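Thanks for asking me to look this one over. Below are my notes, written to be read with the model open beside you.

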Amino acid sequence: MEKIEHKMVAVNGLNMHIAELGQGSTILFLHGFPELWYSWRHQMVYLAECGYRAVAPDLRGYGDTTGAPLNDPSKFSILHLVGDVVALLEAIAPNEEKVFVVAHDWGALIAWHLCLFRPDKVKALVNLSVHFLPRNPKMNTVEWLKAIYGEDHYISRFQVPGEIEAEFAPIGAKSILKKILTYRNPAPFYFPKGKGLEALPDAPVALSSWLSEEELDYYANKFEQTGFTGGVNYYRALPISWELTAPWTGAQVKVPTKFIVGEFDLVYHIPGAKDYIHNGGFKKDVPLLEEVVVLEGAAHFVNQERPHEISKHIYDFIQKF
């Protein structure tokens, strides 16, 4: 990892931290919750060795990126997040008309919207874990998930500013991250009030082969410094994002795309997801969807759990362009 360069870039009112490795066509890597640029450490090395320039930021509210108004969740809407990415591309790749984008979890949501809003910026997309979620004109995302899963579902529990942070505080960042990052159950996250993370099964005593104590400590140290508010604000802004994206109701993503999901990913097990992904809905909304890969035995954090496999999937797709 020592070859990876770190720099700060002024982006859309933020001071954004990016990690960078290699030379060639730019691949922008976008992380999810609760993660950092570091989630892409393996893919960055692999793709740089294949002749690409790998760039991974800490997104708004995360890690070493500063300047986000944490006390105002409305500043974490999908338009702000895509705005950050567009400004970052202008700053780091001014001579490239289009770049490759690889994204996971919340990063994938940002990438889908980047392709909706600014398809002129993206050469090809590899999205992991979160399939395209077409906008429901009748109900925002939080209401929809509450209708399926109830009030204790993590996204419902994340809505009140400060509430989940207060429950997380006595547990400590390392324990929280260990439980979430090693979660392998296709069932959804529930955080019943007053129970914090007790509702989640205990993390294995020995960390999994893909997440060492040292790697967990990297995440934990950053989240001890920043807290979780930045990442949780993405969920708090879902209702405002839903309002602001009304003009794109029914719009298609018209960028060449590959989608990869773990067999045990909790997003893959949302009611209706498999039918949408495999029976024509996904292809209708993303007409240039070229490939869907379901990784047997893998769970949500697939880019870290199966680093070599994911790196190869990325390379095999983007080298065609």
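The points below go through the sheet, the helices packed on it, other helix pairs, and a few single residues.

1. A word on the model to begin with. This is a predicted model, so please read each value here as computed from predicted coordinates.

2. Start with the sheet. Eight strands make up an open sheet with mixed pairing, and their order is β1-β2-β4-β3-β5-β6-β7-β8. At the edges are β1 (5-11) and β8 (289-295), each of which pairs on one side only. From one strand to the next, the twist averages 20 degrees.

3. Strand β1 pairs with β2 (residues 14-21) in the antiparallel sense, and seven bridges join them.

4. Helix α1 (residues 41-49) lies across β2, β3 (26-30) and β4 (53-57), and runs at about 55 degrees to β2. Helix α2 (residues 78-92) also packs on the sheet, where it touches β1, β2, β3, β4 and β5 (99-104). The direction of α2 makes about 115 degrees with that of β1.

5. Helix α14 (residues 307-318) packs with α1 at an angle of about 45 degrees, and the two axes are 9 Å apart. That angle makes the pair oblique, and α1 passes α14 in a right-handed crossing. On the α1 side, the meeting residues are His42, Gln43, Tyr46 and Leu47. Their counterparts in α14 include Pro307, His308, Ile310, Ile314, Tyr315 and Ile318.

6. How do α7 and α8 pack, and at what angle? Helix α7 (residues 173-181) meets helix α8 (residues 213-226) at about 125 degrees, with axes 9 Å apart. These two helices are therefore oblique to each other, and α7 passes α8 in a right-handed crossing. From α7, the contact is made by Ala173, Lys174, Leu177, Lys178 and Leu181. From α8, the residues taking part include Leu216, Tyr219, Ala220 and Phe223, together with the acidic residues Glu213, Asp217 and Glu224.

7. Helix α9 (residues 229-236) deserves a look of its own. Eight of its eight residues are buried, so α9 is largely enclosed by the rest of the structure. The buried set includes Gly230 and Gly231, and also Asn233, Tyr234, Tyr235 and Arg236. What do these buried residues pack against? Their neighbours are α2, α3, α4 (141-149), α5 (154-157), α6 (163-168) and α10 (238-244).

8. On the cysteines, a search of the whole structure finds zero disulfides. Are Cys50 and Cys115 buried or partly exposed? Cys50 is partly exposed, because its relative accessible area is 32%. Cys115 counts as buried because its relative accessibility is 2%, under the 20% cut-off for burial.

9. Finally, Arg118. This residue is in the loop between α3 (106-117) and β6 (122-128), and with a relative accessible area of 31% it is partly exposed. Setting aside neighbours within four places in sequence, Arg118 is in contact with Val86 and His113. Val82 is 36 residues from Arg118 in sequence, yet their C-alpha atoms are 9.0 Å apart in space.

How values were computed: Residues numbered from 1 in each chain as written. Predicted model: local features only at pLDDT ≥ 70, side-chain atom pairs only at ≥ 80, totals over all residues. Heavy atoms only, no water. Disulfide = S-S within 2.5 Å. Buried < 20%, exposed > 50% of the residue type's maximum accessible area, 1.4 Å probe, protein only. Helix = DSSP H or I, 4+ residues; strand = E, 2+ residues; numbered from the N terminus. Contact = heavy atoms within 4.5 Å. Pairing = 2+ DSSP bridges. Axes fitted to C-alpha atoms, helices over the stretch in contact; angles between N-to-C directions. Parallel < 35°, antiparallel > 145°, perpendicular 65-115°, else oblique. Left-handed = near helix turned anticlockwise from the far one by under 90°.
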